[in-house]
Amino acid sequence: MKHLILAVALILAGCNEVQDVQIRYDTMAQAIQPWPGASAALVPPDGVVAQGDLQDQEAARNPPPATPQLLARGQERFGIFCTPCHGYDGYADGIIVARGFPKPPSFHSAQLRSAPARLFFDTITNGYGAMYSYADRVPVGDRWAIVAYIRALQLSQLTTANK
Ligand code: HEC
């Protein structure tokens with residue numbers, strides 16, 4: 001019985017205010033301890049790279065070969081991330097545009113047909129004008145997959161069956 005009372009007392013002592021209201025910092029708040037004057041989010045030392053960054057940079061430089069698998073992946077990702085504005089066929093009549101968002105250029109314009117693949121990749125990475133960046137939602141490999149699919153989409157238009 002004595003042990004039980006002791007155990008209950010210890011458990012209750014665990015639920016004190018310190019645990020209820022823990023000290024925490026907002027990301028960029030001024031840190032009080034242990035480095036006065038510093039921000040709670042420390043700047044990484046010079047030369048430090050995040051895990052995977054070097055591989056991403058390498059993959060961004062080198063487009064993968066356009067295999068059927070890559071195109072299928074690109075079609076799927078394009079359907080998820082690009083069609084709301086650019087439409088399934090790339091003519092920029094997506095549902096968000098129908099609701100009043102600025103209309104993007106058609107992927108079948110002379111300008112975008114002759115644009116290098118890199119322009120599409122960079123637009124997904126950095127955004128462009130009213131279009132925001134997709135860098136945090138579309139990983140590097142998927143960006144190339146989407147670019148390959150847009151190329152296929154461009155080839156599929158303005159062509160005739162008997163040529
Ligand atoms: C929320 C709507 C929206 C979505 C989603 C969207 N875009 Fe755009 N996109 C735009 C608009 C608007 C423009 C034109 C921006 C401007 O001229 O200010 C544009 C422009 C572009 C351009 C032309 C860039 C140039 O230099 O002329 C490309 C290429 C493009 N988008 C690719 C994509 C791809 C690929 C995706 C999917 C990963 C995508 N967009 C998703 C709205 C969108």
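The secondary structure of the protein, taken from a predicted model, consists of 9 helices and 0 strands, where helices (H or I, at least four residues) and strands (E, at least two) are DSSP runs numbered from the N terminus. Along the sequence this gives the pattern α-α-α-α-α-α-α-α-α. Residues are numbered from 1 along each chain as its sequence is written, and side-chain values use heavy atoms, with hydrogens and water left out. Local features need pLDDT of at least 70 and side-chain atom pairs count only at pLDDT 80 or more, whereas totals for chains, interfaces and linings use all residues.

The iron atom of the ligand is coordinated by His86 through NE2 and by Met131 through SD, at 2.0 to 2.2 Å; donors are N, O and S atoms within 2.8 Å of the metal (3.2 Å for Na, K and Ca), and because water is not among the atoms, sites may look incomplete. His86 lies in helix 5 (residues 83-86) and Met131 in the loop between helix 8 (117-126) and helix 9 (140-156), so the pair ties together parts that are 45 residues apart in sequence. His86 is buried, at a relative accessible area of 11%, while Met131, at 24%, is partly exposed; buried means under 20% relative accessible area, exposed over 50%, and partly exposed in between (1.4 Å probe, protein chains only).

Across the protein, buried residues make up 26% of the 163 residues. Of the contacts (heavy atoms within 4.5 Å) with a separation of 6 or more, 43% are accounted for by residues 24 or more positions apart.
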